Amino acid sequence: MADDRGSINRAADRSARLGGAFLLLTALVTAVMVYARVASDADQQTLAGSLLAISENRGMYGLFGASRLLSGVTLILGGWFLLRTWIIRDRWATPWVPYLFVGSGACTAVSGACAILIGIQSDGAVAGSVAGIAAADNLRWIIGKVGFSAAGVALMIAARFQWGVGGTLRKVAPVSALLGFAMQFIWLDSATVAHPVIGSLFFIWLLAIGTMLATGQVEKHSVKRYSAEMPAAGA
């Protein structure tokens, strides 16, 4: 049984490292997305103003949409690989965290696809297509917020596991909990000023946790924490 458990752990370690790698990739693609969003100057007071800015900066807005879609795909893959780790499969931690990452990634990907569609239709938009563009923009806005909020819930749930594991992860746990809670402010228009700061902190969180997963540090802490309980669990 010990040999079987060892083989499972080695296989799961690869899953954890791949999950971490995709979280890192999500962070990097997100950085490109934010740059392209700002450069496209699409955040105007009115839809007409936004469409004019998008039509004048279609390349950048197209990059924004494509990178947003890609960041959603990489987050989906990150969550999928995390579901295959021994930590999740042997029920040492809840699968809700990777499930929420997958859901968040799906929402982000759809939001990116909507942005691509808006960019395509913005040039020479006529009355008949403006309604469709407005609908796509509303969907992009709402589902993007749902995805960001879902990622925040994942962080709050992950904080409990991180605290239980101890070590460096215990120090990260309060940050995860507070950041996950702050990410719910995405629904408050009055907190718009704070949104870039919260988004930047989430970017740093992805880099930190992605690095810990990709380098095996999370596995190391988890094995140290649960090793004494593993024989009893496998008996």
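I looked at the crossing of helix 3 and helix 5 and found it left-handed. The model is predicted, and I keep that in mind throughout.

I then checked the packing geometry. Helix 3 and helix 5, the latter covering residues 96–122, pack at an angle of about 165 degrees. Their axes lie 7 Å apart. Angles over 145 degrees count as roughly antiparallel, so helix 3 is roughly antiparallel to helix 5.

Next I sorted the residues of this contact by type. I got 21 nonpolar, 11 polar and 2 charged for helix 3 with helix 5.

Thr74 sits in helix 3, which spans residues 58–83. Is Thr74 buried or exposed? I read 2% relative accessibility for Thr74. The cut-off for buried is under 20%, so Thr74 counts as buried.

Which residues does Thr74 touch, leaving out those up to four places away in sequence? I noted Phe22, Leu25 and Thr26.

Last, I looked at the whole chain. I counted 10 helices and 0 strands. Along the sequence the pattern reads α-α-α-α-α-α-α-α-α-α. The chain has 235 residues, and 45% of them are buried; Thr74 is one of the buried residues.

I also checked sequence separation. I took the contacts between residues at least 6 apart in sequence, and 74% of these join residues at least 24 apart.

For the surface, I noted that the chain exposes about 11,800 Å². Carbon and sulfur atoms supply 67% of that area.

Technical notes. Residues numbered from 1 in each chain as written. Predicted model: local features only at pLDDT ≥ 70, side-chain atom pairs only at ≥ 80, totals over all residues. Heavy atoms only, no water. Helix = DSSP H or I, 4+ residues; strand = E, 2+ residues; numbered from the N terminus. Buried < 20%, exposed > 50% of the residue type's maximum accessible area, 1.4 Å probe, protein only. Contact = heavy atoms within 4.5 Å. Axes fitted to C-alpha atoms, helices over the stretch in contact; angles between N-to-C directions. Parallel < 35°, antiparallel > 145°, perpendicular 65-115°, else oblique. Left-handed = near helix turned anticlockwise from the far one by under 90°. Nonpolar A, V, L, I, M, F, W, Y, C, P; charged D, E, K, R; others polar. Areas by Shrake-Rupley, 256 points an atom, 1.4 Å probe, with all protein chains shown as cover.
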